[in-house]
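Here are a few friendly notes to read alongside the model.

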Amino acid sequence: MSDIAVIIPARYASTRFPAKPLAPLRGASGDVKTLLQRSVEAGRAAVADMGAQFALYVATDDSRIAEEAARIGADVIMTSEGCRNGTERVAEAVQSAGITAEIIVNLQGDAPLTPPHFVTALVQAMQADPGCGIATPILRCDAEAVQNFIADRAAGRVGATTVVANRLGHALYFSKEVIPFTNGRGVVDGVVPVFHHVGLYAYRRAALDAYMGWEMGALEVLEGLEQLRFLENGHPVRVVEVSAPGAVFWELNNPSDTALIEGYLAKMGWD
């Protein structure tokens, strides 16, 4: 029995970026790997640091993604086409595969730049608070990142997710808009007030079971953000602030992000 299960939900039919998990990304050495391979490698690097019993799976409804997962030596759990987001896919995978891990990590398949310590920090926060049902990392932006977010929205692109939290460490809201409002500034009174929500979650089984029993709410539909279902049903979402000194975090949300991520891979020396 594993203490931790890491599940990477991956789907082929993406409106903004069809076949995204199979998109090629060139690393610092010039080697090309698919987004799925880089995501699996990020997951393996993360769990290797934790010293716990773990299992890692790719959850998908598409045979092409399953074939790529098999090629890179990742275990696959096939899920239905009816999953509307990654949390639903993870929940279905947990149920269908009979996973009994204490903590289930949802490592989004579009975040190959996720540093291993993001996962470690999240799992440690869950282990320290047995009453926490779901936790997710947040990263204070630098001024460049905020300007990138604002530029995405000005160009009509749906890019990164931002979050605001209360003083107790619980999320108040997540949005595809840049929140809080900064009037176009990256720095306000010497501080960057914008936090980037990292596409990574840790759950306990009870929280996943509850999630599947709720209907999609209006805010989840409007924003296209699965985690809002928890907030709309009064379930607290713990936010864990992480840092990434010397690193850059960015998700592959749109085809135009490919060059940006490849540039970051080169900058950080990641093959």
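1. Pro18 sits in the loop between β1 (4-10) and β2 (24-26); strands (E, at least two residues) and helices (H or I, at least four) are DSSP runs numbered from the N terminus. With a relative accessible area of 51%, Pro18 is exposed (exposed means over 50%, buried under 20%, partly exposed in between, with a 1.4 Å probe and protein chains only). Its C-alpha atom is separated by 9.3 Å from that of Pro255, 237 residues apart along the chain.

2. A word on the basis: this is a predicted model, in which local features need pLDDT of at least 70 and side-chain atom pairs count only at pLDDT 80 or more, while totals for chains, interfaces and linings use all residues. Residues are numbered from 1 along each chain as its sequence is written, and side-chain values use heavy atoms, leaving out hydrogens and water.

3. Please have a look at helix α1 (residues 35-48). Its 14 residues should span 20 Å at 1.5 Å a residue, and the end C-alpha atoms are 20 Å apart, which agrees (the expected span is 1.5 Å times one less than the number of residues). Of the 14 residues in α1, 10 are buried, among them Leu36, Val40 and Val47.

4. Which residues touch the most other members of the largest nonpolar core? They are Val6, Leu36, Val40, Val58, Val105, Phe118 and Leu200, out of 32 residues. Such a core is a set of buried Ala, Val, Leu, Ile, Met, Phe, Trp, Tyr and Cys residues joined through side-chain atoms within 4.5 Å. Helix α4 (residues 116-128) gives the most to this core, with six residues. A second, separate core of 30 residues includes Val90, Phe195, Trp214 and Leu225.

5. The structure holds three aromatic pairs (ring centres of Phe, Tyr or the six-membered ring of Trp within 6.5 Å; planes under 30 degrees apart are stacked, over 60 edge-to-face, the rest tilted). Tyr211 and Phe230 have ring centres 4.8 Å apart and planes at 40°, so this pair is tilted. It links helix α6 (residues 205-212), which holds Tyr211, to helix α8 (residues 228-232), which holds Phe230. Both Tyr211 and Phe230 are buried.

6. Trp214 and Phe230 form an edge-to-face pair, 5.9 Å centre to centre with 90° between the planes. Trp214 is buried too, and ring pairs link Tyr211, Trp214 and Phe230 into a cluster.
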